[in-house]
Amino acid sequence: MSSPPLFSFRNFTFTAKMTMVKKIEHIGIAVADLDQSNKLFSSLLGQAPYKQENVASEGVSTSFFIEDHTKLELLGATNENSPVAKFVSKKGPGMHHIAFAVDDIHAEMKRLKEAGFELLNEQPKEGADQKLICFIHPKSAGGVLVELCQDKPH
Ligand code: CMX
């Protein structure tokens, strides 16, 4: 038997048993200089990045910290058209996005689109760290750039 509705928002009716987002997968931090920031955050966290990856499609180089829990992803722009270059030039370095882990990114994209959230890509894209990703515009998500990510099927 399905759970009774708790509340509705836009086209979405929420019931008690729903848990679409599993956890915060990572927090993205935009940086002006990735090498310098690697040193800063290594010193802050008491550990070196466990992984560094270039994501050409997003125009970023990334470093990941804290492997087994909610990760921290540093994002350095690799070209001037990168969203991260624009962000840093307008706002300076800082918190850039929150990424939520989901099991089925297609289903979540459909659900969120129907609920009125503005998806920034129509199909999942390949992101860093073996993920399929989709971004949601901060203007439709309370001022926060949200990333959905699902582990890429092997
Ligand atoms: N968090 C919160 N608000 C943000 C934001 C962010 N990261 N980036 C932009 N905004 C806000 C701006 O402040 C601006 O608000 P105002 O109109 O009130 O000034 C508004 O969104 C529009 O911003 P903009 O500077 O004009 O930027 P664009 O519209 O050109 O792009 C966005 C914004 C979110 C659509 C673009 O950055 C984007 O497509 N992001 C998704 C892809 C991405 O960020 N890739 C890099 C990370 C990749 C990775 O993690 O691997």
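The structure is a predicted model. On helix α3, the face turned away from the buried side carries the exposed residues A107, K110 and E114. Buried in α3, which spans residues 105-114, are I105, E108, M109 and L112. These four lie on the same side of α3 because they cover an arc of only 100° around the axis. Such an arrangement follows a general rule: an α-helix has 3.6 residues a turn, so residues three or four places apart point the same way. The packing partners of the buried residues of α3 are β9 (131-136) and β10 (146-151). After α3 comes G116, with a positive phi near 95°.

The ligand is surrounded by 22 residues, of which E58, P83, F135, P138 and L145 are the closest. At least two residues of this shell come from each of β5, α2 (83-91) and β7 (94-101). The largest contribution is that of α2, with 5 residues. The composition of the shell is as follows.

| Class of residue | Number in the shell around the ligand |
|---|---|
| Nonpolar | 11 residues |
| Polar | 7 residues |

Is I66 buried or partly exposed? I66 counts as partly exposed because it has 16 C-beta neighbours inside 10 Å, whereas a buried residue requires 20 or more. Beyond its neighbours within four places in sequence, I66 is in contact with L45, K71 and L72. The C-alpha atoms of I66 and P49 are separated by 7.7 Å, although these residues are 17 residues apart along the chain.

Technical notes:
Residues are numbered from 1 along each chain as its sequence is written. This is a predicted model: local features need pLDDT of at least 70, side-chain atom pairs count only at pLDDT 80 or more; totals for chains, interfaces and linings use all residues. A residue is buried if 20 or more other C-beta atoms lie within 10 Å of its own, exposed if 12 or fewer, and partly exposed in between; C-beta atoms are placed from the backbone. Two residues are in contact if their C-beta atoms, placed from the backbone, lie within 7 Å. The arc is that of the directions from the helix axis to the C-beta atoms. A residue is near a molecule or strand if its C-beta atom, placed from the backbone, lies within 6 Å of it. Ala, Val, Leu, Ile, Met, Phe, Trp, Tyr, Cys and Pro count as nonpolar, Asp, Glu, Lys and Arg as charged, and the others, Gly among them, as polar.
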